[in-house]
Amino acid sequence: APIPNLSNKQYYTIVRHVMYGKFINALPYYRQEKDFENQFGVKIGRGTMRCIILTVSNTYIDAGGYAHE
């Protein structure tokens, strides 16, 4: 689910932050949820983070044709 009232730049910054935390730093969503709230004062739920990851990965995998190999 998109996060309301954000510019594209802000949205993609959040996407990048969530993906980096999840796949590079191996942070579970509950820890990222606390980090967003403590560091940035933004409440982003775990379910929203999961939807962000699924939406972005499905979009890019389908666009690149990797899902069909």
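What is the mean pLDDT of the protein, and what share of its residues reach 70 or more? The mean is 82, and 80% of the residues reach 70 or more; pLDDT is the predictor's confidence in each residue, from 0 to 100. This is a predicted model, in which local features need pLDDT of at least 70, side-chain atom pairs count only at pLDDT 80 or more, and totals for chains, interfaces and linings use all residues. Residues are numbered from 1 along each chain as its sequence is written, and side-chain values use heavy atoms, with hydrogens and water left out.

**Overall layout**

The protein has three helices and zero strands, and along the sequence the pattern reads α-α-α. Helices (H or I, at least four residues) and strands (E, at least two) are DSSP runs, numbered from the N terminus. Confidence is highest in α2, at 92, and lowest in α3, at a mean of 81. Where pLDDT is low, predicted coordinates should not be read in detail.

Of the 69 residues, 23% count as buried. Here buried means under 20% relative accessible area, exposed over 50%, and partly exposed in between (1.4 Å probe, protein chains only). The accessible surface comes to about 5,200 Å², with 54% of that belonging to carbon and sulfur atoms; such areas come from the Shrake-Rupley method with a 1.4 Å probe, and for residues only the protein chains shown count as cover.

**The core and Met49**

Let's look inside. The largest nonpolar core has eleven residues, including Tyr11, Val18, Phe36, Met49 and Val56. A nonpolar core is a set of buried Ala, Val, Leu, Ile, Met, Phe, Trp, Tyr and Cys residues joined through side-chain atoms within 4.5 Å. The elements giving two or more residues to this core are α1, α2 and α3.

Met49 lies in helix α3 and is buried, with a relative accessible area of 0%. Leaving aside neighbours within four places in sequence, Met49 is in contact (heavy atoms within 4.5 Å) with Val18, Tyr29, Gln32, Glu33, Phe36 and Ile44. The C-alpha atoms of Met49 and Gln32 are separated by 8.9 Å, although the two residues are 17 apart along the chain.

**One salt bridge**

A search of the whole structure finds one salt bridge, that is, a side-chain nitrogen of Lys or Arg within 4 Å of a carboxyl oxygen of Asp or Glu. The partners are Arg46 and Glu33, whose side chains meet at 2.7 Å, N to O. They link distant parts of the chain, with Arg46 in helix α3 (residues 46-64) and Glu33 in helix α2 (residues 29-40), 13 residues apart. Leaving aside neighbours within four places in sequence, Glu33 also touches others, and the contacts include Lys43, Gly45 and Met49.

**Out at the surface**

Tyr20, Phe23 and Ile24 make a nonpolar surface patch of about 370 Å². Patches are made of residues with over 30% relative accessible area and no salt bridge: like charges are joined within 9 Å, and nonpolar side chains (Val, Leu, Ile, Met, Phe, Trp, Tyr) within 5 Å. Phe23 belongs to helix α1 (residues 8-24). Ala26 sits in the loop between α1 and α2, and its phi is near 55 degrees, a positive value in a residue other than glycine.

The table sets out accessibility for the residues discussed above.

| Residue | Relative accessible area | Class |
|---|---|---|
| Met49 | 0% | buried |
| Glu33 | 15% | buried |
| Arg46 | 47% | partly exposed |
| Phe23 | 54% | exposed |
| Ala26 | 60% | exposed |
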